[in-house]
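Work through the exercises below with the structure open. Try each task before reading its solution.

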Amino acid sequence: MKRICLDPGHGGEDPGAVGRSGLKEKDINLQVALKVAEQLIEKYAVNMTRVDDEYVSLSKRCEIANQSKSQLFVSIHCNAAENTGANGIETYHYYASDRGRHLARGIQWGLIALTDRKDRGVKEAGFQVLRGTVMPAALVELGFISNDEEEKLLQNEEYQVACAKSIVRGIEEFFDRGY
Ligand code: ZN
């Protein structure tokens, strides 16, 4: 059975981005991650860096992923920007990681197809959870909590289900194609 590590960003004393209505990124990240886990659990062994509202350091998240010997790592976040007009979805992988890029692309394409949000593309970054994990890794930004329209969407059950489905599809496609 293949092993997957899901990483709901932030938690506990670290709320992540906070929207104008008070919505906290950490809560959305966890809600979506749990929906992803629910869909994966029949076919895969799922590890999570947190399952409740708990603070977990970035190095601890990497340690959990690496010790679980997962074949894949997906970190789930929401975006924020000073410009409240900024919107859309983007997915990151570690610099020059080909397998990370395949994973990020599959997830990003699914997200755009299922949510119809603006495609901000697949990007490279050196985020600690991408750098410190030994398996192919992607970090998704599911929309902007700083944008009023997307702040509402991110709390919407259907939107969360669509995001979760897209992430699951990206993971399955990654394995199906033999990456
Ligand atoms: Zn975040």
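Glu25 counts as buried because its relative accessibility is 3%; buried means under 20% relative accessible area, exposed over 50%, partly exposed in between (1.4 Å probe, protein chains only). This is a predicted model: local features need pLDDT of at least 70, side-chain atom pairs count only at pLDDT 80 or more, and totals for chains, interfaces and linings use all residues. Residues are numbered from 1 along each chain as its sequence is written, and side-chain values use heavy atoms, with hydrogens and water left out.

**Exercise 1. The zinc site**

Find the protein donors of the zinc ion and describe their spacing in sequence.

Solution. 
- Step 1: Apply the cut-off. Donors are N, O and S atoms within 2.8 Å of the metal (3.2 Å for Na, K and Ca); water is not among the atoms, so sites may look incomplete.
- Step 2: List the donors. They are His10 (NE2), Glu25 (OE) and His77 (ND1), at 2.1 to 2.2 Å from the zinc ion.
- Step 3: Write the spacing. The pattern is H-x14-E-x51-H.
- Step 4: Glu25 sits in helix α1 (residues 25-40) and His77 in strand β3 (residues 72-79), 52 residues apart. Helices (H or I, at least four residues) and strands (E, at least two) are DSSP runs, numbered from the N terminus.

**Exercise 2. Burial**

Is His77 buried or exposed? Is Asp27 buried, exposed or partly exposed?

Solution. 
- Step 1: His77 has a relative accessible area of 13%, so His77 is buried.
- Step 2: Asp27 belongs to helix α1. Its relative accessible area is 30%, so Asp27 is partly exposed.

**Exercise 3. α1 against α6**

Describe how α1 packs on helix α6 (residues 157-176).

Solution. 
- Step 1: Two packed helices are described by the angle between their axes and the distance between the axes.
- Step 2: Read them off. The axes come within 9 Å and cross at roughly 50°. Axes are lines fitted to C-alpha atoms, for helices over the stretch in contact, and angles run from 0 to 180 degrees between N-to-C directions.
- Step 3: Classify. α1 is therefore oblique to α6; under 35 degrees counts as roughly parallel, over 145 as roughly antiparallel, 65 to 115 as roughly perpendicular and the rest as oblique.
- Step 4: Name contact residues (heavy atoms within 4.5 Å). Among them are Ile28 and Val32 of α1, and Val161 and Ile171 of α6.
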